[in-house]
Amino acid sequence: MSAANAVALGTTIASYFLYSRLLTPADFGIYAGALAIAKLGTTLLDGGLKTSLIKSHETVEPTVLRGLFLGSCGAGLAVLLLLSVVLGVLASAGTLSASTAAFFFLYGAAYFATYPFLFIPLAQLEREQRY
């Protein structure tokens, strides 16, 4: 594990302890739900593409990278649409409050909208071991 990974992991763990102390149990539960939605969505968006780019023995052509970027943008929009429908149904059924549904959507949207811009450059850095 590199020093940067250790610092990132330590910061994440410390932030969870801090959140658990600063937020009420209900608010922490909402935050944990939003984080789970975001992580599940980014896992679905990735689908092993980042790992494939890192482990590829051949140089990946720019047209392939452009296709991956555009495909991940489209997939991100599709996941956002699905998320908005599911959250809308849950909010209209009274299972979620409108403010919680909005928070879940915005938190997930931050992940899904930025992922296409991050996964290719991060894969290239890891492939070149320049991280």
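Student: In what order do the elements of the chain run from the N terminus on?
Tutor: They run α-α-α-α-α, and the count for the chain is accordingly 5 helices and 0 strands. The model is a predicted one, and its C-alpha atoms fill a box of roughly 50 × 35 × 15 Å along the principal axes.

Student: What confidence does the predictor give the chain, and which elements have the lowest and the highest mean pLDDT?
Tutor: The average pLDDT of the chain is 87, with 96% of the residues scoring at least 70.

Student: Why is S72 called buried?
Tutor: The cut-off for buried is under 20% relative accessible area, and S72 has a relative accessibility of 3%, so S72 counts as buried. This serine lies in helix α4, and, leaving aside residues up to four places away in sequence, S72 touches L45, P116 and F119.

Student: How do you know that the span of α4 agrees with what its 31 residues should give?
Tutor: At 1.5 Å a residue, α4 should span 45 Å, and its end C-alpha atoms are 45 Å apart, so the two values agree. Just after α4, G94 takes a positive phi of about 85 degrees.

Student: Which residues of α4 are buried, and what covers them?
Tutor: L65, L68, S72, G76, V79, L80, L83 and L87 are buried in α4, and what covers the buried residues of this helix includes α2, α3 (49–55) and α5.

Student: What is the reach of α5 beside its expected span, and where does its kink lie?
Tutor: With 30 residues, α5 reaches 43 Å from its first C-alpha to its last, close to the 44 Å expected at 1.5 Å a residue. The kink, of about 50 degrees, lies at Y115, shortly before the proline P116. Buried residues of α5 include F104, Y107, F112, Y115, P116, F119 and I120, and their covering includes α2, α3 and α4. Just after α5, Q129 takes a positive phi of about 55 degrees.

Student: What makes a set of residues a nonpolar core, and which members of the largest one touch the most others?
Tutor: Such a set consists of buried residues of nonpolar types, including Leu, Ile, Phe and Tyr, joined through side-chain atoms within 4.5 Å. The largest core has 22 residues, of which L53, L87, Y107, F112, F119 and I120 touch the most other members. Two or more residues come from each of α2 (25–46), α4 (62–92) and α5 (98–127), and α5 gives the most, with 9 residues. Y107 touches Y31, A34, L35 and A38, residues up to four places away in sequence not being counted. In soluble globular proteins, nonpolar side chains tend to be buried together.

Note on methods:
Residues are numbered from 1 along each chain as its sequence is written. This is a predicted model: local features need pLDDT of at least 70, side-chain atom pairs count only at pLDDT 80 or more; totals for chains, interfaces and linings use all residues. Side-chain values use heavy atoms; hydrogens and water are left out. Buried means under 20% relative accessible area, exposed over 50%, partly exposed in between (1.4 Å probe, protein chains only). Helices (H or I, at least four residues) and strands (E, at least two) are DSSP runs, numbered from the N terminus. Contact means heavy atoms within 4.5 Å. The expected span of a helix is 1.5 Å times one less than its number of residues. The bend at a residue is the angle between axes fitted to the seven residues ending there and the seven starting there. pLDDT is the predictor's confidence in each residue, from 0 to 100.
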